[in-house]
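Open the model in your viewer and keep the sequence panel beside it. This tour tells you what to select, stop by stop, and what to look for there.

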Amino acid sequence: MKIQKPVIIEGYNNEWPRAFNIIESIISNKLNRLVLRIEHVGSTSIPSLSAKPIIDIDVVIESMDCLPQVIKKLEELGYIHEGDLGIKNREAFARRDVYVPYTSEGNEKHEHHLYVCNRESEELKRHMMFRDILRKHPLLVSEYANLKFQLANKYRDNRQAYSAGKTEFITRIMNEYQDI
(Lines give C-alpha, C1' and ligand atoms only; values in the text may rest on other atoms or scores of the structure.)
Protein backbone atom coordinates (compact mmCIF):
# COMPACT_ATOMS: atom_id res chain seq x y z
CA MET A 1 0.00 0.00 0.00
CA LYS A 2 1.26 3.45 -0.94
CA ILE A 3 1.84 5.68 2.07
CA GLN A 4 0.13 9.03 1.66
CA LYS A 5 2.09 12.17 2.29
CA PRO A 6 0.40 14.60 4.69
CA VAL A 7 -1.52 17.53 3.23
CA ILE A 8 0.70 20.57 3.69
CA ILE A 9 -0.35 23.97 2.36
CA GLU A 10 2.30 26.61 1.71
CA GLY A 11 2.03 30.30 0.97
CA TYR A 12 2.25 31.24 -2.70
CA ASN A 13 5.74 30.81 -4.10
CA ASN A 14 7.07 32.74 -7.12
CA GLU A 15 9.16 29.66 -7.96
CA TRP A 16 6.03 27.76 -9.03
CA PRO A 17 5.53 29.51 -12.38
CA ARG A 18 9.27 29.29 -13.04
CA ALA A 19 9.27 25.56 -12.27
CA PHE A 20 6.26 25.12 -14.58
CA ASN A 21 8.11 26.97 -17.37
CA ILE A 22 11.12 24.66 -17.06
CA ILE A 23 8.98 21.50 -17.21
CA GLU A 24 6.76 22.94 -19.96
CA SER A 25 9.77 23.75 -22.11
CA ILE A 26 11.23 20.22 -21.82
CA ILE A 27 7.90 18.54 -22.60
CA SER A 28 7.08 20.96 -25.40
CA ASN A 29 10.45 20.35 -27.07
CA LYS A 30 10.02 16.58 -26.79
CA LEU A 31 6.41 16.43 -28.02
CA ASN A 32 6.88 19.18 -30.59
CA ARG A 33 3.94 19.18 -33.03
CA LEU A 34 2.01 16.51 -31.10
CA VAL A 35 1.00 19.11 -28.52
CA LEU A 36 -1.38 22.04 -29.04
CA ARG A 37 -0.43 23.76 -25.79
CA ILE A 38 0.60 23.05 -22.21
CA GLU A 39 -1.45 24.60 -19.41
CA HIS A 40 -0.38 25.38 -15.85
CA VAL A 41 -3.53 24.59 -13.88
CA GLY A 42 -4.35 23.98 -10.23
CA SER A 43 -3.62 26.18 -7.26
CA THR A 44 0.05 26.80 -8.07
CA SER A 45 -1.08 28.58 -11.26
CA ILE A 46 -3.01 31.27 -9.36
CA PRO A 47 -0.95 34.23 -8.12
CA SER A 48 -1.04 34.70 -4.31
CA LEU A 49 -2.97 31.45 -3.68
CA SER A 50 -1.60 29.15 -0.99
CA ALA A 51 -1.31 25.57 -2.19
CA LYS A 52 0.23 22.16 -1.86
CA PRO A 53 3.59 22.74 -3.58
CA ILE A 54 2.77 20.38 -6.45
CA ILE A 55 2.39 21.81 -9.95
CA ASP A 56 -0.56 20.53 -12.02
CA ILE A 57 0.12 20.40 -15.75
CA ASP A 58 -2.35 19.64 -18.54
CA VAL A 59 -0.76 18.76 -21.89
CA VAL A 60 -3.37 19.41 -24.58
CA ILE A 61 -3.40 17.28 -27.73
CA GLU A 62 -5.70 17.43 -30.75
CA SER A 63 -7.16 13.97 -30.25
CA MET A 64 -6.54 10.72 -28.44
CA ASP A 65 -5.46 9.26 -31.80
CA CYS A 66 -1.97 10.60 -31.17
CA LEU A 67 -1.88 9.37 -27.56
CA PRO A 68 0.34 6.32 -28.33
CA GLN A 69 3.02 8.63 -29.79
CA VAL A 70 2.69 10.99 -26.80
CA ILE A 71 3.00 8.09 -24.32
CA LYS A 72 6.16 6.87 -26.08
CA LYS A 73 7.81 10.31 -26.00
CA LEU A 74 6.80 10.95 -22.37
CA GLU A 75 8.21 7.54 -21.39
CA GLU A 76 11.52 8.66 -22.92
CA LEU A 77 11.40 11.62 -20.51
CA GLY A 78 10.83 9.24 -17.55
CA TYR A 79 7.04 9.35 -17.18
CA ILE A 80 4.91 6.26 -16.54
CA HIS A 81 1.47 6.14 -18.16
CA GLU A 82 -1.20 5.40 -15.52
CA GLY A 83 -4.29 5.43 -17.73
CA ASP A 84 -7.31 7.70 -17.41
CA LEU A 85 -7.94 6.90 -13.71
CA GLY A 86 -11.67 7.04 -14.43
CA ILE A 87 -11.69 10.47 -16.11
CA LYS A 88 -12.58 10.49 -19.80
CA ASN A 89 -10.20 12.25 -22.21
CA ARG A 90 -7.55 12.76 -19.51
CA GLU A 91 -4.58 10.44 -19.13
CA ALA A 92 -2.41 10.55 -16.00
CA PHE A 93 1.36 10.16 -15.87
CA ALA A 94 3.58 9.46 -12.86
CA ARG A 95 7.28 10.29 -12.56
CA ARG A 96 9.91 7.55 -12.27
CA ASP A 97 11.97 9.78 -9.98
CA VAL A 98 12.67 13.40 -8.99
CA TYR A 99 14.71 14.01 -12.16
CA VAL A 100 11.69 13.60 -14.48
CA PRO A 101 11.37 15.04 -17.04
CA TYR A 102 14.91 13.92 -17.84
CA THR A 103 17.37 16.34 -19.42
CA SER A 104 21.07 16.12 -20.21
CA GLU A 105 21.79 18.25 -17.10
CA GLY A 106 20.23 15.57 -14.89
CA ASN A 107 18.90 18.02 -12.31
CA GLU A 108 15.88 17.58 -10.05
CA LYS A 109 12.54 19.00 -11.24
CA HIS A 110 9.80 20.43 -9.07
CA GLU A 111 7.17 17.95 -7.93
CA HIS A 112 4.28 17.88 -10.39
CA HIS A 113 1.28 15.98 -11.68
CA LEU A 114 1.12 15.53 -15.44
CA TYR A 115 -2.03 14.88 -17.44
CA VAL A 116 -2.59 14.60 -21.18
CA CYS A 117 -6.01 15.76 -22.34
CA ASN A 118 -7.55 16.09 -25.75
CA ARG A 119 -8.89 19.57 -26.49
CA GLU A 120 -12.47 18.38 -25.94
CA SER A 121 -11.72 17.18 -22.39
CA GLU A 122 -14.29 18.37 -19.86
CA GLU A 123 -11.69 18.05 -17.08
CA LEU A 124 -9.33 20.35 -19.00
CA LYS A 125 -12.12 22.91 -19.51
CA ARG A 126 -12.99 22.70 -15.80
CA HIS A 127 -9.37 23.19 -14.73
CA MET A 128 -8.94 26.23 -16.96
CA MET A 129 -12.29 27.79 -16.05
CA PHE A 130 -11.64 27.52 -12.31
CA ARG A 131 -8.09 28.88 -12.72
CA ASP A 132 -9.28 31.81 -14.83
CA ILE A 133 -12.12 32.69 -12.44
CA LEU A 134 -9.75 32.80 -9.46
CA ARG A 135 -7.17 34.83 -11.39
CA LYS A 136 -9.84 37.50 -11.97
CA HIS A 137 -11.32 37.52 -8.44
CA PRO A 138 -8.77 38.07 -5.62
CA LEU A 139 -11.44 37.83 -2.89
CA LEU A 140 -12.22 34.29 -4.01
CA VAL A 141 -8.50 33.50 -3.79
CA SER A 142 -8.50 34.54 -0.11
CA GLU A 143 -11.66 32.56 0.61
CA TYR A 144 -10.26 29.47 -1.12
CA ALA A 145 -6.90 29.77 0.69
CA ASN A 146 -8.67 29.96 4.07
CA LEU A 147 -10.73 26.89 3.22
CA LYS A 148 -7.60 24.98 2.14
CA PHE A 149 -5.79 25.77 5.40
CA GLN A 150 -8.84 24.68 7.45
CA LEU A 151 -9.15 21.43 5.50
CA ALA A 152 -5.42 20.73 5.66
CA ASN A 153 -5.51 21.14 9.45
CA LYS A 154 -8.56 18.92 9.77
CA TYR A 155 -7.55 16.26 7.21
CA ARG A 156 -3.76 16.40 7.36
CA ASP A 157 -3.42 12.66 6.80
CA ASN A 158 -6.40 12.14 4.50
CA ARG A 159 -5.93 13.56 1.01
CA GLN A 160 -9.29 12.18 -0.18
CA ALA A 161 -11.20 14.00 2.57
CA TYR A 162 -9.15 17.15 1.93
CA SER A 163 -10.02 17.07 -1.78
CA ALA A 164 -13.66 16.26 -1.11
CA GLY A 165 -13.84 19.25 1.24
CA LYS A 166 -12.83 21.57 -1.61
CA THR A 167 -15.45 20.21 -4.01
CA GLU A 168 -18.40 22.21 -2.69
CA PHE A 169 -16.48 25.49 -2.96
CA ILE A 170 -15.20 24.69 -6.46
CA THR A 171 -18.66 23.66 -7.68
CA ARG A 172 -20.28 26.78 -6.21
CA ILE A 173 -17.69 29.10 -7.77
CA MET A 174 -17.93 27.39 -11.17
CA ASN A 175 -21.72 27.70 -11.12
CA GLU A 176 -21.76 31.32 -9.94
CA TYR A 177 -19.04 32.65 -12.23
CA GLN A 178 -19.28 30.49 -15.37
CA ASP A 179 -20.93 33.24 -17.43
CA ILE A 180 -18.74 36.08 -16.23
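This is a predicted model: local features need pLDDT of at least 70, side-chain atom pairs count only at pLDDT 80 or more; totals for chains, interfaces and linings use all residues.

Residues are numbered from 1 along each chain as its sequence is written, and side-chain values use heavy atoms, with hydrogens and water left out.

A salt bridge here is a side-chain nitrogen of Lys or Arg within 4 Å of a carboxyl oxygen of Asp or Glu. Arginine 172 lies in helix 5 (residues 159–177) and glutamate 143 in helix 4 (residues 138–154), so the pair ties together parts that are 29 residues apart in sequence. Arginine 172 is partly exposed, at 33% relative accessibility. Helices (H or I, at least four residues) and strands (E, at least two) are DSSP runs, numbered from the N terminus.

Side chains of opposite charge can pair when their charged atoms come close.

Select arginine 119 and glutamate 62. They form a salt bridge, with the closest N and O atoms 2.7 Å apart. Arginine 119 is in the loop between strand 5 (112–118) and helix 3 (122–136), and glutamate 62 is in the loop between strand 2 (55–61) and helix 2 (67–76), so this pair ties together parts 57 residues apart in sequence. Arginine 119 is partly exposed at 40% relative accessibility. Glutamate 62 is partly exposed too, with a relative accessible area of 40%.

Select helix 3. Its 15 residues should span 21 Å at 1.5 Å a residue, and its end C-alpha atoms are 21 Å apart, which agrees. The expected span is 1.5 Å times one less than the number of residues.

Go to serine 121. This residue caps the N-terminal end of helix 3, with a side-chain oxygen 3.3 Å from the backbone nitrogen of glutamate 123. Next, pick arginine 126. Its side chain forms a salt bridge with glutamate 123 (3.1 Å, N to O). Both residues lie in helix 3, three residues apart, about one turn of the helix. Is glutamate 123 buried or exposed? Glutamate 123 counts as buried, at 14% relative accessibility. Arginine 126 is partly exposed, at 37%.

The buried residues of helix 3 include Leu124, Met128, Phe130 and Arg131. The buried set packs against strand 1, strand 2, strand 4 (90–95), strand 5, helix 4 and helix 5.

Glutamate 39 counts as buried, at 12% relative accessibility. Show Arg37, Arg131 and Asp132 as well: with Glu39, they are linked in a network of salt bridges. Contact means heavy atoms within 4.5 Å. Leaving aside neighbours within four places in sequence, glutamate 39 is in contact with residues including Phe20, Asp58 and Met128.

Select helix 1 (residues 15–31). Its buried residues are Trp16, Ala19, Phe20, Ile23, Ile26, Ile27 and Leu31. They cover an arc of only 135° around the axis, which puts them on the same side of helix 1. That arc is taken from the directions from the helix axis to the C-beta atoms. They pack against strand 1 (35–41), strand 2, helix 2, strand 3 (79–83) and strand 5.

Finally, show Ile27, Val59, Leu74 and Tyr79. These have the most contacts inside the largest nonpolar core, which has 24 residues. Such a core is a set of buried Ala, Val, Leu, Ile, Met, Phe, Trp, Tyr and Cys residues joined through side-chain atoms within 4.5 Å. Helix 1 gives the largest share of this core, six residues. A second, separate core of 20 residues includes Ile46, Tyr144, Ala152 and Ile173.

Notes
Buried means under 20% relative accessible area, exposed over 50%, partly exposed in between (1.4 Å probe, protein chains only). A polar contact is a pair of N or O atoms within 3.5 Å; within protein, one must be able to donate a hydrogen and the other to accept it, and residues adjacent in sequence count only if both atoms are side-chain atoms.
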